[in-house]
Amino acid sequence: MATSKLQALWNHPAGPKTIHFWAPTFKWGISIANIADFQKPPENISYLQQIAVTCTGMIWCRCSTVITPKNWNLFSVNVAMAATGIYQLTRKVKYDYVVSEAETTVVENV
């Protein structure tokens, strides 16, 4: 049974014998790098980079569901890209507009 499932995966139109498998697989590197950056200080996060990561993820999520063959590897990597991009943008916005305003208020009151 496992052999037949592996053979079906191997022979799938988006299987390991095609670029439709390897391109999204290597794209996971972007999501993994973004996850590694969760420890980065928020002041070092780039708005433009994270907007690009988020928009790319959102756009390609849709495209991956309408193309033939359905490429669930492409879909999942783009969900991860959009989610990590949104998380990083949230961290940056909180830092710039919540923490910075609180620091400014403290300095003005002193």
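Let's start at Phe75, which counts as partly exposed because its relative accessibility is 28%; buried means under 20% relative accessible area, exposed over 50%, and partly exposed in between, using a 1.4 Å probe and protein chains only. Bear in mind that this is a predicted model, in which local features need pLDDT of at least 70 and side-chain atom pairs count only at pLDDT 80 or more, while totals for chains, interfaces and linings use all residues. Residues are numbered from 1 along each chain as its sequence is written, and side-chain values use heavy atoms, with hydrogens and water left out.

Helices here are DSSP runs (H or I, at least four residues), numbered from the N terminus. Trp72 comes out at 51% relative accessibility, so Trp72 counts as exposed. What about aromatic pairs? Rings of Phe, Tyr and Trp (its six-membered ring) pair if their centres lie within 6.5 Å; planes under 30 degrees apart count as stacked, over 60 as edge-to-face and the rest as tilted. By this rule there are four aromatic pairs. In the pair of Trp72 and Phe75, the ring centres are 5.7 Å apart and the planes sit at 80°, so this one is edge-to-face. Elsewhere, Phe21, Trp22 and Phe26 come together as one aromatic cluster.

Further along α4 you'll find Lys92. Lys92 has a relative accessible area of 9%, so this lysine is buried. Setting aside residues up to four places away in sequence, Lys92 touches Pro42, Glu43, Ile45 and Tyr47, where contact means heavy atoms within 4.5 Å.

Now for the helix packing. Two packed helices are described by the angle between their axes and the distance between the axes. For α2 and helix α3 (residues 47-66), the angle is about 135° and the axes are 12 Å apart. Those axes are lines fitted to C-alpha atoms, for helices over the stretch in contact, and angles run from 0 to 180 degrees between N-to-C directions. That makes α2 oblique to α3; angles under 35 degrees count as roughly parallel, over 145 as roughly antiparallel, 65 to 115 as roughly perpendicular and the rest as oblique. Which residues make the contact?

Apart from its neighbours within four places in sequence, Gly57 is in contact with Asn78, Met81 and Ala82.

Back in α2, look at Pro24. At 3% relative accessibility, Pro24 counts as buried. Not counting residues up to four places away in sequence, Pro24 touches Ile19, Asn71, Asn73, Leu74 and Val77.

Pro69 lies in the loop between α3 and α4, and a cis peptide bond joins Thr68 to Pro69, with omega at about 0°. Pro13 sits in the loop between α1 (2-11) and α2 (19-36). Leaving out neighbours within four places in sequence, the contacts of Pro13 are Thr18, His20 and Pro69. Pro13 and Lys70 are 57 residues apart in sequence, yet 8.9 Å apart in space, C-alpha to C-alpha.

Definitions and conventions
Helices (H or I, at least four residues) and strands (E, at least two) are DSSP runs, numbered from the N terminus.
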